[in-house]
Amino acid sequence: VELDAAVGLVLSAGADLPSCADAVGGPGDAAIALFEPTSLTVATSERNSPIVPEGNVIDCTIADDTVNLVLSGGPLERPCATLVGMTGDAAKAQLEASGYNVTIVEQASAEGDEGDVIECQATGPDVTLTVAGENPAPLTCPDVAGQTAAAATIALQELGATSVETVGQSSDTVADGLVISCAITGTVATLTVSTGPMPGDDMVTVPDVSGKTVAAATADLQAADLRVAGSNQVPSNEPAGTVIGTAPGAGVEVPEGTAVTLQVSEGPSQTLVTVPDVVGRREPGARTILERDGFVVVIEEQEGAAPDEVGRVLSTQPGAGAEVPEGSTIIIVVGAP
């Protein structure tokens, strides 16, 4: 070159650096091995992810001669475990930081404060948070006194009650089966329903009215100082309209004025089955035997039983050996203290 000519110097930039794109999604061990031969320092941290397998790289950045690798800790074991009661925004931020897709829905509820999580459901990487909306106005009972329990229940459900419970109470002024009063706690309504007058203190024995007409059976029961609370139609091989039993059953001692329900035949069916003998067995075992044979079981308790009779079957209606249609209702009388 000529004297005083310019000379350019080519300086080494070192070996070509790997790209973060080569690391994201792959195993963390492989990413570390990729960068270790370079002059860069490798730093790792962990974050949960329901999508990236545990140990794989979620994110990679290079800054100031340092490679920052974020490795997956796998999905949260129970992503919804601690979220109920948190604010929806805080719960969402916590889940999204762990890689979850979060949807928030609002539901009117008296539970918690407005905006708080009242329910959380996780399906893989997708989480739905239900937060409390504006608290609904408290429910108040409509005027249902004197109505039947069924009619009052419908009225309460239309009002917004989520559950309607009934409790019985004797009454000398409200007819058997009609509502005495109503109360609501939150969205749960309770109806107090009349069971008729309080039975007397004197004990009487339920007469056997099987084989009689409803009118004749009613007369016999009334003559025994008992009340007839109605009748149930039951499939039976006996002629239609014939009384085949009572609840409480014949021979049971009950207080005067006790309500007795007549079991009335609705006529024979095609298939008859024999009632097994469960007298003396404990109530759970007797129920299992009867239900296994396809019977519908109704429990009646007889108070004042001897200690060895408590919890055991004292009698059944119809009795053991009776042939009744499949699916018939069997009343089992169980001893109570």
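How many of the seven residues of strand β6 (residues 126-132) are buried? Five are, so the strand is mostly covered, where buried means under 20% relative accessible area, exposed over 50% and partly exposed in between (1.4 Å probe, protein chains only). This is a predicted model, in which local features need pLDDT of at least 70, side-chain atom pairs count only at pLDDT 80 or more, and totals for chains, interfaces and linings use all residues. Residues are numbered from 1 along each chain as its sequence is written, and side-chain values use heavy atoms, leaving out hydrogens and water.

**Strand β6 and its partners**
- Helices (H or I, at least four residues) and strands (E, at least two) are DSSP runs, numbered from the N terminus.
- Two strands pair if DSSP finds at least two bridges between them.
- Seven bridges link β6 in the parallel sense with strand β4 (residues 101-107); asparagine 101 has aspartate 126 as its bridge partner in β6.
- A hairpin is formed by β5 and β6, with two residues between them; in the turn, glycine 124 has a positive phi of about 60°.

**A three-stranded sheet**
- Look next for an open sheet with mixed pairing and the order β16-β19-β17.
- Its edge strands, β16 (296-302) and β17 (313-317), each pair on one side only.
- β17 pairs with β19 (residues 329-335) over four bridges in the antiparallel sense, and serine 315 has valine 333 as its bridge partner in β19.

**Before α1**
- Valine 7 lies in the segment before α1 (28-35), and counts as exposed because its relative accessibility is 66%.
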